[in-house]
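Subject: Structure handover, charged side chains

Hi,

Here is the structure for you to look at. My notes on its charges follow.

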Amino acid sequence: MTDKDMNEEIIDETVEAAEITEETISNENEILKLKSEVDDWKNSYLRKQAEFQNFTKRKEKEFEDLKAFASEKIIVKVLDIIDNLERAISASSESKDFDSLVKGVELTLSQMKSTIITEGVEAIETEKAAFDPHLHMAVAVEDSADYNNDDIISEFQKGYKMKGKVIRPSMVKVCKK
């Protein structure tokens, strides 16, 4: 092998080594770039996870507050009714007028009925109605010639629905033959 051949071989090896070094550096740069992207995604994920946990805690607190103060609006209305009852009792005890007490109680009862109606509460009808176990609770039965089987004879306690849902069934006496 001649010096010229050896020099060319050394140059070729040097070029190859330089190319390998450039490729290695390029690969290392790519790896560093990918590691940086992974770190960015990881940080973004951790931030989103923390935000979601904070959101969840905030919503749980809002729900607890909502539950705690859900009845506030109706309580304020009931307090007005209590005030009116106290006024009726006070006025009737001063005047010793039974009729004014009855009138005050009737007005207060009317106010109470109006309040529950505005809250979506309605009475369950039982007059001339057939027994419905979804709306009524039979507490007594009686055989009566004046009524058909399963007709309601009388109501012992009014039942109520709130926005379509039965919140207290009517207590009734039912005709059974």
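Lys73, Lys77 and Glu119 are linked in a network of salt bridges. A salt bridge here is a side-chain nitrogen of Lys or Arg within 4 Å of a carboxyl oxygen of Asp or Glu. The count by this rule is 8.

The model is predicted: local features need pLDDT of at least 70, side-chain atom pairs count only at pLDDT 80 or more, and totals for chains, interfaces and linings use all residues. Numbering runs from 1 along each chain as its sequence is written, and side-chain values use heavy atoms, with hydrogens and water left out.

- Glu62 pairs with Lys59 at 3.0 Å, N to O.
- Asp65 pairs with Lys61 at 3.2 Å, N to O.

On exposure (buried is under 20% relative accessible area, exposed over 50%, partly exposed in between; 1.4 Å probe, protein chains only): Lys61 is exposed at 51%. Asp65 is partly exposed at 34%.

Another salt bridge joins Lys158 and Glu155, at 4.0 Å, N to O. Lys158 is partly exposed at 37%, and so is Glu155 at 29%.

Best wishes
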